[in-house]
Amino acid sequence: KTKQVCPVDISALGPEISVGLWNSTKADVQATAFKITANKEYNIKDKNGNVLGKVSATSPSTRITYDSNSNLKIYNSIADTLSNQEVVFDATDGNNTDLIFDVNRPNSSYDRYRGKIKIRYTDSNNIWVINILPLEHYVWGDGETTGTGNINHTRVMTSIFRTYGYWYIKYSTKYAPYGFKIKSDSGNQIYTGYDWETTHPNIKKAAEETRGVVATYSNDVALTPYSSWSDGRTRSFQERWGSTEYPWCKSVADP
């Protein structure tokens, strides 16, 4: 099929995507609490949307640890407060597009993320940090490329990154128990957030130039797996995963 624009909502920045950044165990969080700061005033909410506190950009960091009975304890920036299962952070002024959170990710130089942040407890081994943001902003943090090569290559990579993300928004249920759609790792696709966006500006440039463009087949978003290496040819979907339901994923020469 000829590449076309799928009927994606591109009236603004596209639909929201929820990204699992990393998970910690209950014991790890009790030993070292999550530490959250932001560039402007933000709300702290429970899973029902009730505001538990409002924190300015100059306030002390918000700390979160595991308490008991699925409760997360919020402290330091507000009086000690318990929230069952989830804590959600968003912009007090309602504009999350310029809200940047520093989530102080352990052993990583990629700590800052644009949009909303959620801390979600699912079980003692899975307390997840989740980033929720518009699809277009997600593409700005495309960690699968540096954007330093040919600009057409970067345009292709941002388009495929967007396509893969959009497919997950529409169809993925794998991570539903954990409260998000896609992980930020090489098993899904690498997303590195605001720090990558600012240090690799050609990615944002290419994303804006291809805004809303996704690969489709029969007028539906196409699952478009990709890799960084091959041995001279790509694999068809059937050869790699055993399904004949993805006829656009064909084996081609890759010299």
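**Entry 1: a salt bridge near the end of the numbering I looked at**

I started with R233 and E239, whose side chains meet in a salt bridge at 2.8 Å, N to O. R233 is partly exposed, with a relative accessible area of 33%. E239 is also listed as partly exposed, at 44% relative accessibility. I followed the shared partners and found that salt bridges join D231, R233, R235 and E239 into one network. I note here that the model is predicted.

**Entry 2: the chain as a whole**

I stepped back to the whole chain. I counted six helices and 15 strands. I looked up the extent of the C-alpha trace, which spans about 60 × 35 × 30 Å along its principal axes. How does the radius of gyration stand against that of a compact globule? For 255 residues the globule rule gives a value near 18 Å, and the chain has 19 Å, so the two agree.

I turned to burial and surface. Of the 255 residues, 47% are buried. The chain exposes about 12400 Å², and carbon and sulfur atoms supply 46% of that area. I also looked at contacts between residues at least 6 apart in sequence, and 64% of them join residues at least 24 apart.

**Entry 3: the seven-stranded sheet**

I traced an open sheet of seven strands next. I wrote its order down as β4-β3-β8-β11-β12-β1-β13, and the pairing is mixed. Which strands stand at the edges? They are β4, residues 51-55, and β13, residues 182-183. Each has a single partner strand, so one side of each is left without a neighbour in the sheet.

β3, residues 42-45, pairs with β4 in the antiparallel sense, over four bridges.

**Entry 4: β11 and its two neighbours**

I moved along the sheet to β11, residues 116-123. Is β11 mostly covered or mostly open? I found it mostly covered, with six of its eight residues buried.

On one side I looked at β8. Four bridges join β8 to β11, and the two strands run antiparallel. F89 stands opposite I117 in β11.

K118 has I130 as its bridge partner in β12. I also noted that β11 and β12 form a hairpin, with two residues between them.

I went back to salt bridges, of which the structure holds 17. I picked the one between E86 and R120, whose side chains meet at 2.4 Å, N to O. E86 lies in β8, residues 86-91, and R120 lies in β11, so the pair ties together parts that are 34 residues apart in sequence. Are these two residues buried or exposed? I found that E86 is buried, and so is R120.

I then looked at D80 and K73, whose side chains meet in a salt bridge at 3.6 Å, N to O. D80 counts as exposed, at 56% relative accessibility. K73 counts as partly exposed, at 26%.

I checked the backbone for residues with a positive phi.

S70 is not a glycine, yet its phi is positive, about 70°. I looked for its place and found it in the loop between β5, residues 62-66, and β6, residues 71-75. S70 counts as partly exposed, at 26% relative accessibility.

N107 also has a positive phi, about 55°, although it is not a glycine. Where does N107 lie? I found N107 in the loop between β9, residues 100-102, and β10, residues 112-114. N107 is exposed, with a relative accessible area of 86%.

How values were computed
Residues are numbered from 1 along each chain as its sequence is written. This is a predicted model: local features need pLDDT of at least 70, side-chain atom pairs count only at pLDDT 80 or more; totals for chains, interfaces and linings use all residues. Side-chain values use heavy atoms; hydrogens and water are left out. Two strands pair if DSSP finds at least two bridges between them. Buried means under 20% relative accessible area, exposed over 50%, partly exposed in between (1.4 Å probe, protein chains only). A salt bridge is a side-chain nitrogen of Lys or Arg within 4 Å of a carboxyl oxygen of Asp or Glu. The radius of gyration is taken over C-alpha atoms; the globule rule is 2.2 Å times the number of residues to the power 0.38. Contact means heavy atoms within 4.5 Å. Accessible areas come from the Shrake-Rupley method with a 1.4 Å probe; for residues, only the protein chains shown count as cover.
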